Protein chains: 2
Amino acid sequence: MTETRQRLIDGALETLRDKGMAATSARTIAAAASANQGLIFYHFGSVDQLIIEACRVSTEQRVQHYRQRFAAVGSLRELLGIGRELHATELAAGNVTVLAQVVAGAQQNEAFAAAGREAIEQWIAEIERVLRRLLRGSPIAPAVDQPGLARGIAAAFIGIELYDGVDAGGAQAALAALEQLSVLAEVLDDLGPVARRAVRSRVRKAQARTPGPRPAGAP
Amino acid sequence: MTETRQRLIDGALETLRDKGMAATSARTIAAAASANQGLIFYHFGSVDQLIIEACRVSTEQRVQHYRQRFAAVGSLRELLGIGRELHATELAAGNVTVLAQVVAGAQQNEAFAAAGREAIEQWIAEIERVLRRLLRGSPIAPAVDQPGLARGIAAAFIGIELYDGVDAGGAQAALAALEQLSVLAEVLDDLGPVARRAVRSRVRKAQARTPGPRPAGAP
DNA sequence: GTCTATAGAGGGATAGAC
DNA sequence: GTCTATCCCTCTATAGAC
(Lines give C-alpha, C1' and ligand atoms only; values in the text may rest on other atoms or scores of the structure.)
Protein backbone atom coordinates (compact mmCIF):
# COMPACT_ATOMS: atom_id res chain seq x y z
CA MET A 1 0.00 0.00 0.00
CA THR A 2 1.75 3.13 -1.21
CA GLU A 3 1.72 6.21 0.93
CA THR A 4 -0.23 8.14 -1.71
CA ARG A 5 -2.83 5.44 -1.84
CA GLN A 6 -3.32 5.80 1.89
CA ARG A 7 -3.50 9.59 1.67
CA LEU A 8 -6.21 9.31 -0.98
CA ILE A 9 -8.23 6.97 1.18
CA ASP A 10 -7.90 9.34 4.13
CA GLY A 11 -8.82 12.26 1.90
CA ALA A 12 -11.91 10.45 0.68
CA LEU A 13 -13.00 9.68 4.23
CA GLU A 14 -12.41 13.24 5.34
CA THR A 15 -14.37 14.66 2.43
CA LEU A 16 -17.27 12.25 2.82
CA ARG A 17 -17.46 12.93 6.53
CA ASP A 18 -17.19 16.71 6.36
CA LYS A 19 -18.96 17.55 3.12
CA GLY A 20 -21.15 14.57 2.29
CA MET A 21 -21.48 12.49 -0.82
CA ALA A 22 -22.74 15.33 -3.02
CA ALA A 23 -19.54 17.33 -2.57
CA THR A 24 -17.22 14.35 -2.86
CA SER A 25 -15.49 14.38 -6.24
CA ALA A 26 -12.10 13.45 -7.63
CA ARG A 27 -11.06 17.07 -7.30
CA THR A 28 -12.24 17.63 -3.72
CA ILE A 29 -10.74 14.33 -2.56
CA ALA A 30 -7.43 15.11 -4.24
CA ALA A 31 -7.38 18.52 -2.57
CA ALA A 32 -8.03 17.01 0.86
CA ALA A 33 -5.29 14.46 0.24
CA SER A 34 -2.88 17.03 -1.21
CA ALA A 35 -2.52 14.74 -4.16
CA ASN A 36 -2.98 14.95 -7.87
CA GLN A 37 -6.44 14.32 -9.16
CA GLY A 38 -5.26 11.88 -11.80
CA LEU A 39 -3.79 9.57 -9.20
CA ILE A 40 -7.23 8.56 -8.05
CA PHE A 41 -7.78 6.88 -11.39
CA TYR A 42 -4.32 5.41 -11.47
CA HIS A 43 -4.70 3.82 -8.04
CA PHE A 44 -8.40 3.01 -7.89
CA GLY A 45 -9.77 3.18 -11.40
CA SER A 46 -12.69 5.44 -10.50
CA VAL A 47 -13.94 7.73 -7.78
CA ASP A 48 -16.64 5.24 -6.82
CA GLN A 49 -14.08 2.49 -6.36
CA LEU A 50 -12.01 4.76 -4.12
CA ILE A 51 -15.05 5.53 -1.99
CA ILE A 52 -15.87 1.84 -1.71
CA GLU A 53 -12.32 0.99 -0.75
CA ALA A 54 -12.26 3.82 1.80
CA CYS A 55 -15.49 2.55 3.34
CA ARG A 56 -14.08 -0.95 3.53
CA VAL A 57 -10.80 0.05 5.15
CA SER A 58 -12.37 2.44 7.60
CA THR A 59 -15.02 -0.04 8.70
CA GLU A 60 -12.40 -2.70 9.29
CA GLN A 61 -10.36 -0.32 11.44
CA ARG A 62 -13.25 1.03 13.46
CA VAL A 63 -14.85 -2.35 14.10
CA GLN A 64 -11.44 -3.62 15.17
CA HIS A 65 -11.07 -0.62 17.46
CA TYR A 66 -14.37 -1.33 19.19
CA ARG A 67 -14.02 -5.08 19.34
CA GLN A 68 -12.50 -5.29 22.80
CA ARG A 69 -15.03 -2.80 24.06
CA PHE A 70 -17.84 -4.94 22.73
CA ALA A 71 -16.24 -7.95 24.38
CA ALA A 72 -16.28 -6.20 27.75
CA VAL A 73 -19.98 -5.37 27.61
CA GLY A 74 -21.93 -7.02 30.40
CA SER A 75 -25.45 -5.66 30.00
CA LEU A 76 -27.83 -4.27 27.42
CA ARG A 77 -27.41 -0.88 29.02
CA GLU A 78 -23.66 -1.06 28.49
CA LEU A 79 -24.20 -2.02 24.85
CA LEU A 80 -26.33 1.05 24.38
CA GLY A 81 -23.70 3.01 26.27
CA ILE A 82 -21.16 2.02 23.64
CA GLY A 83 -23.67 3.37 21.17
CA ARG A 84 -23.37 6.76 22.82
CA GLU A 85 -19.61 6.63 22.89
CA LEU A 86 -19.56 5.56 19.27
CA HIS A 87 -21.86 8.40 18.40
CA ALA A 88 -19.61 10.93 20.12
CA THR A 89 -16.32 9.76 18.70
CA GLU A 90 -17.43 8.57 15.29
CA LEU A 91 -19.26 11.74 14.42
CA ALA A 92 -16.03 13.66 14.58
CA ALA A 93 -13.49 11.07 13.57
CA GLY A 94 -15.22 8.21 12.14
CA ASN A 95 -16.64 5.61 10.01
CA VAL A 96 -20.34 5.66 10.77
CA THR A 97 -20.92 9.02 9.10
CA VAL A 98 -19.11 7.75 6.04
CA LEU A 99 -21.09 4.54 6.10
CA ALA A 100 -24.32 6.50 6.26
CA GLN A 101 -23.33 8.47 3.19
CA VAL A 102 -22.44 5.32 1.28
CA VAL A 103 -25.69 3.63 2.25
CA ALA A 104 -27.68 6.71 1.25
CA GLY A 105 -25.88 6.73 -2.08
CA ALA A 106 -26.48 3.02 -2.53
CA GLN A 107 -30.12 3.27 -3.49
CA GLN A 108 -29.36 3.31 -7.21
CA ASN A 109 -25.78 2.10 -7.19
CA GLU A 110 -25.22 -1.63 -6.87
CA ALA A 111 -21.51 -1.30 -6.10
CA PHE A 112 -22.21 1.06 -3.21
CA ALA A 113 -24.96 -1.23 -2.01
CA ALA A 114 -22.59 -4.16 -1.84
CA ALA A 115 -19.99 -2.10 0.00
CA GLY A 116 -22.57 -0.76 2.44
CA ARG A 117 -23.98 -4.22 3.06
CA GLU A 118 -20.55 -5.64 3.77
CA ALA A 119 -19.68 -2.80 6.14
CA ILE A 120 -22.94 -2.97 8.05
CA GLU A 121 -22.58 -6.71 8.36
CA GLN A 122 -19.33 -6.27 10.20
CA TRP A 123 -21.02 -4.09 12.79
CA ILE A 124 -23.95 -6.50 12.94
CA ALA A 125 -21.65 -9.43 13.61
CA GLU A 126 -20.22 -7.67 16.66
CA ILE A 127 -23.62 -6.68 17.97
CA GLU A 128 -24.99 -10.14 17.42
CA ARG A 129 -22.13 -11.72 19.35
CA VAL A 130 -22.78 -9.42 22.31
CA LEU A 131 -26.52 -10.08 22.22
CA ARG A 132 -26.02 -13.85 22.17
CA ARG A 133 -23.77 -13.60 25.19
CA LEU A 134 -26.01 -11.23 27.14
CA LEU A 135 -29.21 -13.09 26.52
CA ARG A 136 -27.96 -16.55 27.34
CA GLY A 137 -30.24 -17.75 30.12
CA SER A 138 -32.13 -14.47 30.35
CA PRO A 139 -35.90 -14.63 30.78
CA ILE A 140 -36.36 -12.22 27.90
CA ALA A 141 -34.42 -14.34 25.42
CA PRO A 142 -37.54 -15.87 23.82
CA ALA A 143 -38.82 -12.40 22.99
CA VAL A 144 -35.66 -11.50 21.14
CA ASP A 145 -34.84 -12.51 17.60
CA GLN A 146 -31.14 -11.94 17.94
CA PRO A 147 -30.12 -11.62 14.28
CA GLY A 148 -33.07 -9.35 13.61
CA LEU A 149 -32.47 -7.19 16.64
CA ALA A 150 -28.80 -6.82 15.79
CA ARG A 151 -29.80 -5.57 12.35
CA GLY A 152 -32.35 -3.23 13.87
CA ILE A 153 -29.77 -1.76 16.23
CA ALA A 154 -27.25 -1.22 13.44
CA ALA A 155 -29.80 0.38 11.13
CA ALA A 156 -31.22 2.53 13.92
CA PHE A 157 -27.76 3.74 14.70
CA ILE A 158 -27.17 4.82 11.12
CA GLY A 159 -30.49 6.64 11.18
CA ILE A 160 -29.56 8.46 14.37
CA GLU A 161 -26.21 9.41 12.91
CA LEU A 162 -27.97 11.04 9.95
CA TYR A 163 -30.57 12.59 12.20
CA ASP A 164 -27.74 14.23 14.12
CA GLY A 165 -26.82 16.24 11.03
CA VAL A 166 -30.31 17.68 11.09
CA ASP A 167 -30.98 18.01 14.82
CA ALA A 168 -28.06 17.28 17.11
CA GLY A 169 -30.06 17.83 20.29
CA GLY A 170 -32.76 15.48 19.11
CA ALA A 171 -30.22 12.77 18.34
CA GLN A 172 -28.77 13.11 21.82
CA ALA A 173 -32.23 12.78 23.35
CA ALA A 174 -32.95 9.74 21.18
CA LEU A 175 -29.83 7.91 22.32
CA ALA A 176 -30.47 8.72 25.96
CA ALA A 177 -34.06 7.50 25.71
CA LEU A 178 -33.07 4.23 24.08
CA GLU A 179 -30.42 3.68 26.71
CA GLN A 180 -33.00 4.24 29.40
CA LEU A 181 -35.22 1.59 27.86
CA SER A 182 -32.73 -1.03 28.95
CA VAL A 183 -34.29 -0.54 32.39
CA LEU A 184 -37.14 -2.70 31.16
CA ALA A 185 -34.82 -5.56 30.32
CA GLU A 186 -33.15 -5.26 33.71
CA VAL A 187 -36.44 -5.32 35.55
CA LEU A 188 -37.48 -8.47 33.75
CA ASP A 189 -34.14 -10.06 34.48
CA ASP A 190 -34.68 -9.24 38.17
CA LEU A 191 -38.11 -10.79 38.20
CA GLY A 192 -36.63 -14.11 37.15
CA PRO A 193 -38.95 -17.11 36.82
CA VAL A 194 -42.13 -15.05 37.02
CA ALA A 195 -40.99 -12.99 34.07
CA ARG A 196 -39.81 -16.09 32.26
CA ARG A 197 -43.23 -17.69 32.33
CA ALA A 198 -44.99 -14.46 31.33
CA VAL A 199 -42.59 -13.86 28.45
CA ARG A 200 -42.98 -17.41 27.14
CA SER A 201 -46.71 -17.22 27.11
CA ARG A 202 -46.78 -13.79 25.51
CA VAL A 203 -44.33 -14.84 22.83
CA ARG A 204 -46.49 -17.81 21.92
CA LYS A 205 -49.49 -15.53 21.53
CA ALA A 206 -47.50 -13.07 19.45
CA GLN A 207 -46.24 -15.78 17.13
CA ALA A 208 -49.72 -17.12 16.62
CA ARG A 209 -50.83 -13.62 15.61
CA THR A 210 -48.02 -12.80 13.18
CA PRO A 211 -46.53 -15.98 11.78
CA GLY A 212 -43.07 -15.19 10.53
CA PRO A 213 -39.52 -16.52 10.60
CA ARG A 214 -39.01 -18.51 13.80
CA PRO A 215 -35.84 -19.18 15.73
CA ALA A 216 -34.06 -22.34 14.67
CA GLY A 217 -35.46 -25.40 16.38
CA ALA A 218 -39.06 -24.21 16.47
CA PRO A 219 -41.67 -26.61 15.06
CA MET B 1 -50.64 25.90 -7.70
CA THR B 2 -50.27 25.42 -11.45
CA GLU B 3 -50.51 21.98 -12.90
CA THR B 4 -46.91 22.14 -14.12
CA ARG B 5 -45.73 23.06 -10.66
CA GLN B 6 -47.43 19.95 -9.33
CA ARG B 7 -45.96 17.78 -12.05
CA LEU B 8 -42.49 19.04 -11.21
CA ILE B 9 -42.97 18.23 -7.54
CA ASP B 10 -44.18 14.76 -8.41
CA GLY B 11 -41.28 14.34 -10.81
CA ALA B 12 -38.83 15.37 -8.11
CA LEU B 13 -40.31 12.88 -5.65
CA GLU B 14 -40.27 10.10 -8.19
CA THR B 15 -36.66 10.78 -9.13
CA LEU B 16 -35.46 11.03 -5.54
CA ARG B 17 -37.26 7.86 -4.60
CA ASP B 18 -36.16 5.79 -7.60
CA LYS B 19 -32.70 7.11 -8.33
CA GLY B 20 -31.51 8.83 -5.18
CA MET B 21 -30.10 12.26 -4.55
CA ALA B 22 -27.00 11.77 -6.70
CA ALA B 23 -29.02 11.22 -9.84
CA THR B 24 -31.54 13.95 -9.12
CA SER B 25 -30.89 16.95 -11.33
CA ALA B 26 -32.93 19.55 -13.15
CA ARG B 27 -32.73 17.43 -16.26
CA THR B 28 -33.76 14.11 -14.69
CA ILE B 29 -36.59 15.74 -12.77
CA ALA B 30 -37.85 17.52 -15.86
CA ALA B 31 -37.77 14.25 -17.79
CA ALA B 32 -39.76 12.46 -15.08
CA ALA B 33 -42.26 15.32 -15.06
CA SER B 34 -42.42 15.54 -18.86
CA ALA B 35 -41.67 19.21 -18.46
CA ASN B 36 -39.10 21.62 -19.65
CA GLN B 37 -35.96 21.90 -17.61
CA GLY B 38 -36.08 25.68 -17.47
CA LEU B 39 -39.45 25.63 -15.74
CA ILE B 40 -37.87 24.35 -12.57
CA PHE B 41 -36.06 27.64 -12.21
CA TYR B 42 -39.08 29.66 -13.20
CA HIS B 43 -41.28 27.99 -10.59
CA PHE B 44 -38.85 27.23 -7.78
CA GLY B 45 -35.74 29.30 -8.34
CA SER B 46 -33.36 26.35 -7.96
CA VAL B 47 -33.27 22.58 -7.93
CA ASP B 48 -32.58 22.55 -4.20
CA GLN B 49 -35.65 24.66 -3.52
CA LEU B 50 -37.77 22.29 -5.59
CA ILE B 51 -36.47 19.33 -3.62
CA ILE B 52 -37.19 21.10 -0.35
CA GLU B 53 -40.68 22.00 -1.45
CA ALA B 54 -41.30 18.44 -2.65
CA CYS B 55 -40.16 17.07 0.69
CA ARG B 56 -42.44 19.48 2.51
CA VAL B 57 -45.51 18.71 0.44
CA SER B 58 -45.01 14.98 0.49
CA THR B 59 -44.41 14.84 4.23
CA GLU B 60 -47.56 16.82 4.87
CA GLN B 61 -49.58 14.44 2.70
CA ARG B 62 -48.16 11.24 4.13
CA VAL B 63 -48.39 12.32 7.75
CA GLN B 64 -51.97 13.36 7.09
CA HIS B 65 -52.63 9.98 5.49
CA TYR B 66 -51.36 8.10 8.53
CA ARG B 67 -52.90 10.38 11.15
CA GLN B 68 -56.11 8.42 11.64
CA ARG B 69 -54.16 5.19 11.73
CA PHE B 70 -51.92 6.55 14.46
CA ALA B 71 -55.01 7.65 16.34
CA ALA B 72 -56.38 4.11 16.26
CA VAL B 73 -53.26 2.55 17.73
CA GLY B 74 -53.92 0.86 21.05
CA SER B 75 -50.59 -0.76 21.93
CA LEU B 76 -46.89 -0.45 21.38
CA ARG B 77 -47.07 -3.52 19.20
CA GLU B 78 -49.63 -1.85 16.98
CA LEU B 79 -47.44 1.24 16.72
CA LEU B 80 -44.59 -0.92 15.51
CA GLY B 81 -47.04 -2.66 13.22
CA ILE B 82 -47.75 0.66 11.56
CA GLY B 83 -44.02 0.90 11.13
CA ARG B 84 -44.14 -2.26 9.06
CA GLU B 85 -47.07 -1.05 7.02
CA LEU B 86 -45.35 2.28 6.49
CA HIS B 87 -42.23 0.48 5.42
CA ALA B 88 -44.12 -1.61 2.89
CA THR B 89 -46.16 1.17 1.32
CA GLU B 90 -43.73 4.06 1.64
CA LEU B 91 -40.86 2.22 0.06
CA ALA B 92 -42.81 1.96 -3.16
CA ALA B 93 -44.91 5.07 -3.08
CA GLY B 94 -43.64 7.26 -0.47
CA ASN B 95 -42.17 9.93 1.49
CA VAL B 96 -39.81 8.22 3.87
CA THR B 97 -37.33 7.25 1.17
CA VAL B 98 -37.34 10.83 -0.05
CA LEU B 99 -36.90 12.10 3.48
CA ALA B 100 -33.94 9.80 3.97
CA GLN B 101 -32.31 11.17 0.85
CA VAL B 102 -32.85 14.75 1.97
CA VAL B 103 -31.50 14.04 5.43
CA ALA B 104 -28.45 12.31 3.97
CA GLY B 105 -27.88 15.31 1.73
CA ALA B 106 -28.33 17.67 4.64
CA GLN B 107 -24.95 17.09 6.19
CA GLN B 108 -23.36 20.02 4.36
CA ASN B 109 -26.46 21.88 3.23
CA GLU B 110 -28.23 24.06 5.78
CA ALA B 111 -31.37 24.46 3.67
CA PHE B 112 -31.77 20.68 3.36
CA ALA B 113 -31.10 20.33 7.07
CA ALA B 114 -33.92 22.70 7.90
CA ALA B 115 -36.29 20.92 5.54
CA GLY B 116 -35.33 17.51 6.91
CA ARG B 117 -35.73 18.68 10.48
CA GLU B 118 -39.15 20.10 9.79
CA ALA B 119 -40.29 16.93 8.06
CA ILE B 120 -38.99 14.60 10.75
CA GLU B 121 -40.61 16.73 13.39
CA GLN B 122 -43.99 16.13 11.84
CA TRP B 123 -43.53 12.38 12.14
CA ILE B 124 -42.16 12.79 15.66
CA ALA B 125 -45.19 14.77 16.72
CA GLU B 126 -47.48 11.92 15.68
CA ILE B 127 -45.36 9.28 17.37
CA GLU B 128 -45.10 11.33 20.53
CA ARG B 129 -48.85 11.76 20.72
CA VAL B 130 -49.36 7.99 20.45
CA LEU B 131 -46.69 7.27 23.06
CA ARG B 132 -48.22 9.73 25.51
CA ARG B 133 -51.58 8.07 25.11
CA LEU B 134 -50.28 4.50 25.35
CA LEU B 135 -48.07 5.07 28.36
CA ARG B 136 -50.60 6.93 30.46
CA GLY B 137 -50.84 4.89 33.64
CA SER B 138 -48.52 2.16 32.41
CA PRO B 139 -45.97 0.75 34.86
CA ILE B 140 -43.21 1.27 32.33
CA ALA B 141 -43.91 4.98 31.91
CA PRO B 142 -41.11 6.09 34.26
CA ALA B 143 -38.57 4.23 32.14
CA VAL B 144 -39.62 6.05 29.00
CA ASP B 145 -38.51 9.53 28.02
CA GLN B 146 -41.32 10.09 25.57
CA PRO B 147 -39.87 12.92 23.46
CA GLY B 148 -36.55 11.14 23.27
CA LEU B 149 -38.08 7.79 22.39
CA ALA B 150 -40.24 9.36 19.69
CA ARG B 151 -37.10 10.83 18.14
CA GLY B 152 -35.34 7.50 18.42
CA ILE B 153 -38.17 5.69 16.70
CA ALA B 154 -38.30 8.22 13.85
CA ALA B 155 -34.54 8.15 13.33
CA ALA B 156 -34.40 4.38 13.56
CA PHE B 157 -37.07 4.15 10.93
CA ILE B 158 -35.12 6.32 8.53
CA GLY B 159 -32.09 4.14 9.14
CA ILE B 160 -34.05 0.99 8.40
CA GLU B 161 -35.44 2.56 5.24
CA LEU B 162 -31.90 3.20 4.01
CA TYR B 163 -30.75 -0.21 5.17
CA ASP B 164 -33.48 -1.70 3.01
CA GLY B 165 -31.76 -0.35 -0.09
CA VAL B 166 -28.72 -2.35 0.89
CA ASP B 167 -30.26 -5.50 2.33
CA ALA B 168 -34.01 -5.83 2.00
CA GLY B 169 -34.18 -9.12 3.89
CA GLY B 170 -32.18 -7.69 6.75
CA ALA B 171 -34.50 -4.70 7.00
CA GLN B 172 -37.49 -7.03 7.16
CA ALA B 173 -35.87 -9.04 9.93
CA ALA B 174 -35.02 -5.85 11.82
CA LEU B 175 -38.60 -4.60 11.76
CA ALA B 176 -39.96 -7.98 12.82
CA ALA B 177 -37.50 -8.20 15.71
CA LEU B 178 -38.33 -4.71 16.96
CA GLU B 179 -42.01 -5.50 16.76
CA GLN B 180 -41.45 -8.63 18.79
CA LEU B 181 -39.71 -6.61 21.48
CA SER B 182 -43.05 -5.06 22.36
CA VAL B 183 -43.70 -8.37 24.09
CA LEU B 184 -41.51 -7.07 26.91
CA ALA B 185 -43.67 -4.02 27.38
CA GLU B 186 -46.79 -6.18 27.38
CA VAL B 187 -45.39 -8.52 29.99
CA LEU B 188 -44.55 -5.63 32.26
CA ASP B 189 -48.00 -4.18 31.76
CA ASP B 190 -49.46 -7.54 32.76
CA LEU B 191 -47.39 -7.73 35.92
CA GLY B 192 -48.95 -4.49 37.14
CA PRO B 193 -47.96 -3.17 40.57
CA VAL B 194 -45.02 -5.56 40.97
CA ALA B 195 -43.52 -4.25 37.77
CA ARG B 196 -44.35 -0.69 38.70
CA ARG B 197 -42.30 -0.86 41.88
CA ALA B 198 -39.39 -2.59 40.19
CA VAL B 199 -39.34 -0.10 37.34
CA ARG B 200 -39.42 2.88 39.69
CA SER B 201 -36.51 1.61 41.72
CA ARG B 202 -34.47 0.70 38.65
CA VAL B 203 -35.09 4.08 37.05
CA ARG B 204 -33.87 5.83 40.18
CA LYS B 205 -30.67 3.81 40.11
CA ALA B 206 -30.18 4.49 36.41
CA GLN B 207 -30.65 8.20 36.86
CA ALA B 208 -28.13 8.29 39.67
CA ARG B 209 -25.61 6.57 37.40
CA THR B 210 -26.03 8.75 34.31
CA PRO B 211 -27.27 12.18 35.30
CA GLY B 212 -28.92 13.73 32.29
CA PRO B 213 -32.06 15.58 31.27
CA ARG B 214 -34.88 14.56 33.61
CA PRO B 215 -38.61 14.51 33.04
CA ALA B 216 -40.30 17.75 34.01
CA GLY B 217 -41.10 17.85 37.71
CA ALA B 218 -38.02 15.94 38.83
CA PRO B 219 -35.96 17.56 41.61
C1' DG C 1 -46.00 30.17 -18.68
C1' DT C 2 -43.45 27.66 -21.79
C1' DC C 3 -39.86 26.83 -25.06
C1' DT C 4 -34.85 26.90 -27.19
C1' DA C 5 -30.31 27.90 -26.82
C1' DT C 6 -26.40 28.63 -24.44
C1' DA C 7 -23.12 30.40 -21.01
C1' DG C 8 -20.10 28.90 -17.50
C1' DA C 9 -18.73 25.85 -13.80
C1' DG C 10 -17.40 21.49 -12.32
C1' DG C 11 -17.39 16.71 -12.99
C1' DG C 12 -14.95 11.89 -14.63
C1' DA C 13 -11.55 10.11 -17.07
C1' DT C 14 -7.37 9.68 -20.26
C1' DA C 15 -2.92 10.74 -22.86
C1' DG C 16 1.51 11.53 -22.57
C1' DA C 17 5.60 13.90 -20.59
C1' DC C 18 8.65 13.21 -16.84
C1' DG D 1 4.27 6.82 -9.64
C1' DT D 2 3.42 11.42 -10.43
C1' DC D 3 2.22 15.55 -12.97
C1' DT D 4 0.09 18.60 -16.71
C1' DA D 5 -3.07 19.27 -20.00
C1' DT D 6 -7.12 18.31 -21.96
C1' DC D 7 -11.46 16.00 -23.78
C1' DC D 8 -16.10 15.56 -23.23
C1' DC D 9 -19.86 15.24 -20.45
C1' DT D 10 -23.50 16.89 -17.21
C1' DC D 11 -24.80 20.27 -14.30
C1' DT D 12 -27.17 24.89 -12.79
C1' DA D 13 -28.91 28.87 -14.28
C1' DT D 14 -30.19 32.59 -17.44
C1' DA D 15 -31.49 35.19 -21.76
C1' DG D 16 -34.68 35.80 -24.94
C1' DA D 17 -38.16 34.17 -28.46
C1' DC D 18 -42.89 32.79 -28.48
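User: How much of the atoms of DNA strand D within 4 Å of the protein belongs to sugar or phosphate, and what makes up the rest?

Analyst: For DNA strand D, 57% of the atoms within 4 Å of the protein are sugar or phosphate atoms, and the remainder are base atoms. Please keep in mind that this is a predicted model, where local features need pLDDT of at least 70, side-chain atom pairs count only at pLDDT 80 or more, and totals for chains, interfaces and linings use all residues. Residues are numbered from 1 along each chain as its sequence is written, chains are lettered from A and ligands numbered from 1 in the order in which they are written, and side-chain values use heavy atoms, with hydrogens and water left out.

User: Which residues are the closest to DNA strand D?

Analyst: A residue counts as near a strand if one of its heavy atoms lies within 4 Å of it. DNA strand D is surrounded by 13 residues, and the closest are Thr4(A), Asn36(A), Ala26(B), Arg27(B) and Phe41(B).

User: Which atoms lie close to a phosphate oxygen of DNA strand D?

Analyst: Here we look for polar contacts, pairs of N or O atoms within 3.5 Å; within protein, one must be able to donate a hydrogen and the other to accept it, and residues adjacent in sequence count only if both atoms are side-chain atoms. In this model, a side-chain N or O atom of Thr4(A) is 2.4 Å from a phosphate oxygen of DNA strand D.

User: Which element gives the largest share of the surface near DNA strand D?

Analyst: Helices (H or I, at least four residues) are DSSP runs, numbered from the N terminus. H3(A) gives the largest share, three residues.

User: And what about DNA strand C: which side chains make polar contacts there?

Analyst: Gln37(A) has a polar side-chain atom 3.0 Å from a base nitrogen of DNA strand C. The side chains of His43(B) and Asn36(B) each have an N or O atom by a phosphate oxygen of DNA strand C, at 2.9 Å for His43(B) and 3.3 Å for Asn36(B).

User: How many atoms of DNA strand C within 4 Å of the protein, as a percentage, belong to sugar or phosphate?

Analyst: For DNA strand C, the value is 61%, and the rest belong to bases.

Technical notes. Helix = DSSP H or I, 4+ residues; strand = E, 2+ residues; numbered from the N terminus.
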